Structures are given as structure tokens and as C-alpha cells.
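Morning, everyone. Let's take the next structure and look at its packing and its chain contact.

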Amino acid sequence: MKGFLSGLLRLRRGPWELLASCLIGLGVFMLMQPFVLWAFTWSFLVTLTGTVMFIITSHFPE
Amino acid sequence: MADSAIDRLARATPSSLARRVRGLSDRAIAWVFVTPTILLLLAINIFPLIWTVRLSFTNFAANKPNAEVKWVGLRNYTRILTDPDIWQTMQATAHFLFWTLLFQVVIGFSLAWLINRKFRGNDLLTTLIVLPMMLSPAVVGNFWTFLYEPQIGLFNYAVEFFTGIPASSFSMLGSVTLAPWSIVIADTWMWTPFVMLICLAGLRSIPDYIYEAAEVDRASKWRQFWTMTVPMVLPFLMLAVLFRGIENFKMFDLVVQLTGGGPGSTTLLTSIELKREAFEKWRTGYSSAYAIILFVTVFGLASIYVKALNKVKER
């Protein structure tokens, strides 16, 4: 966990990509889940944030 | 000695052009070859994408090209993302995606594993299994419509034979609970051979000496399967899931032919709903926003999936 946080602070690719991937996964789950409408409403914003973050962070140093 | 085609072409090239080409570096020649493809890509992929993003913020209707186009901001997105009907289509798509991928992976891998053994008639069996994949989705849709007929359909009679449930007592395409499964079954029947072929390529790429070494080390068949076969086929399997996942996310023809989205909206997948909004209701701006939402979802998923695939390949 400490390594993950320091990776985030030092703008390293691995932890940031992991964070972006989690956001995309969460966004897709929110889009397709059958439980609450508000999650569906906010799903696109979460997925878009994750996708843009993924594109940017994949250019970070290892 | 007879001239080759290249010699004849070289002689036919005008001298002024030949002098110019001779002066080009390798990099420049590479650009000359690649530029038409890049231009084509920009024209038929990138430009429409940017145009769709622009349209998604307007009330443009393609059937009224002369009507005034108003900038509506995020209204299209807000409407889509608060619409319970669209939410329902997303759930139908998720159901279809999850079960087709699961069945296709399990059955496809199992078939590939069986076909990979050497036995008489192996080639003929492979050809027969691969046949459904070569048919047109419209044909498969029609074909399965007949199979699902409650009175004359073979599928219902097969169910009756195995379970004892009377064939005419249920309708796969007419029942709200069974219709989502009917499209899953038809798609699985059609596309499992594709997954099987990719898995078969993976299985055949594993050298025999690895298994021989495992035999020498007295590794059980079960252990060989889980520690050698599965990890070595995994990149191939993941590739098959990626292809099928993207294809099934935009599944249209097969489902339209089978159920047309019904009964009610139980099999109304996102692509069918999108087509209705765009080309039946002519709400181009709204459907552009819908398309962008789907695009971002697929793009995001594909990005992390390709990343995971590369990691598996590096192992």
C-alpha cells in the first residue's frame, strides 16, 4: 500500500494505470448494474474519467 | 534472359519520375506508402467520430437537414443517463454479453481440448463444428426462429425429450423469461467455433516436449492442465474474449432477426435501440450522444483488457 501511494505521488505509470482501470471497471459496472438508477446516471462520468486518465497515465514513466 | 516484371516496370517509369524517386530516403518512401491509408483512416474513422461528438451536443435530425440546429449542451447525455428504458437495454446487453462470453469460452475451450487429440475423422469433425460460424447472421436468425417454433421446432422437441416438458407448452421467443436465453443460445451456437479455433491454435502451439518433461517429473494430468495448458492458452483465450466481447456489445443482426428486441423490451440490446433512435425516430443528436457513451465504454474496457493481455503474454 505504501509503495502504491508513493508511486501515485511520484507519478509512476503502474499505480496510476491501476487506479484508472479500477475507475473504468467501476463505471462499466455502474452502467450495467440492475440495482440503482443513480449509479447508472453517474456511470458515464466515471468511465470517461477513467478512460481519459488511462490514456494520460499510460505515458507516465515506469 | 527474359525480363522480369520489375525490370519492365522500371523501364516504363518516366525518367523524370525515376530521378525523383531515387532521391527519396527509406523513411520518405515509407511515408509515401502509408499516407493513403492514414488519409483513408482519417476520412472514414476519425472525422466521423469527431463529427459525432459535435452532433451529440445538438438537436440535429438527419431527416430535417434544413432545420435550424440548436446547441443543447449536455441535455442529450442527461436524458439518456436518466432514462429507465435505456437502463433496461444496458441490463439486457450485460446479460447477453456475460452469458454468451461464459458459454463460448467454456464450450469453445472444451471442444478445442477434445479436438486437439489425435483421432480418426478429426479434420472432418473440425470442419463440421466450424460451419455455423461461416453462415450469415441473418440466415442463422431465420434458422433458429424455425428451431424455436413451439409447434414444429426441433429445439422444443429436444427439450421435451430430455426434460419431459411438453414441447408446445413454452415459446422460447415469446416468453419474457426465455427470450433473453434464446438469443444467448443462438449466439453461442454460432460463435463457439470461433473461440474453439483460437484455443486450438493456442493448444497446438504448446510443444510436446513440455508435456514429456512433465511426465518425467511425474506431474499428474490435472496438474499439467492447470499449470501448463491453461497458462499457455490464456493469451489466445483472452484475445478470443476481446473479439467476441466487442462484437457482442454491438450485436444487432442476429437478435433483430430472432426477436426484434421483444417480447416487450427484454431482448432490446443497445445497438438495436441506437438504430431505432437514429434511423426510425431520427433523433440524430440524441443517438450520437448514445453512441459516444457506448464508444467510451467499449474503448475503456478494451484499453484495460489489452493491457492485461500484454501482461499475460510477458509472463
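Start at Leu269(B). Setting aside neighbours within four places in sequence, Leu269(B) is in contact with Thr89(B), Ala92(B), Thr93(B), Phe96(B), Met251(B) and Val255(B). Contact here means C-beta atoms, placed from the backbone, within 7 Å.

A caveat on the source. This is a predicted model: local features need pLDDT of at least 70, side-chain atom pairs count only at pLDDT 80 or more, and totals for chains, interfaces and linings use all residues. Residues are numbered from 1 along each chain as its sequence is written, with chains lettered from A and ligands numbered from 1 in the order in which they are written.

Confidence next. pLDDT is the predictor's per-residue confidence, from 0 to 100. Chain B averages 90, and 98% of its residues score at least 70. For the complex, the predictor gives an ipTM of 0.92 and a pTM of 0.85.

Now the largest nonpolar core. A core is a set of buried Ala, Val, Leu, Ile, Met, Phe, Trp, Tyr and Cys residues joined through C-beta atoms within 7 Å. Buried means 20 or more other C-beta atoms within 10 Å of the residue's own. This core has 32 residues; Leu269(B) and Val255(B) are among those touching the most other members. Which helix gives the most? H9(B), with twelve residues. Another core, of 27 residues, lies apart from it and includes Val28(A), Met32(A), Trp87(B) and Leu301(B).

Finally, the contact between chains. Chain A brings 17 residues and chain B brings 17. On the chain A side, H3(A) gives the most, with nine. Helices are DSSP runs (H or I, at least four residues), numbered from the N terminus.

Methods. Contact = placed C-beta atoms within 7 Å. Helix = DSSP H or I, 4+ residues; strand = E, 2+ residues; numbered from the N terminus. Buried ≥ 20, exposed ≤ 12 C-beta atoms within 10 Å, placed from the backbone.
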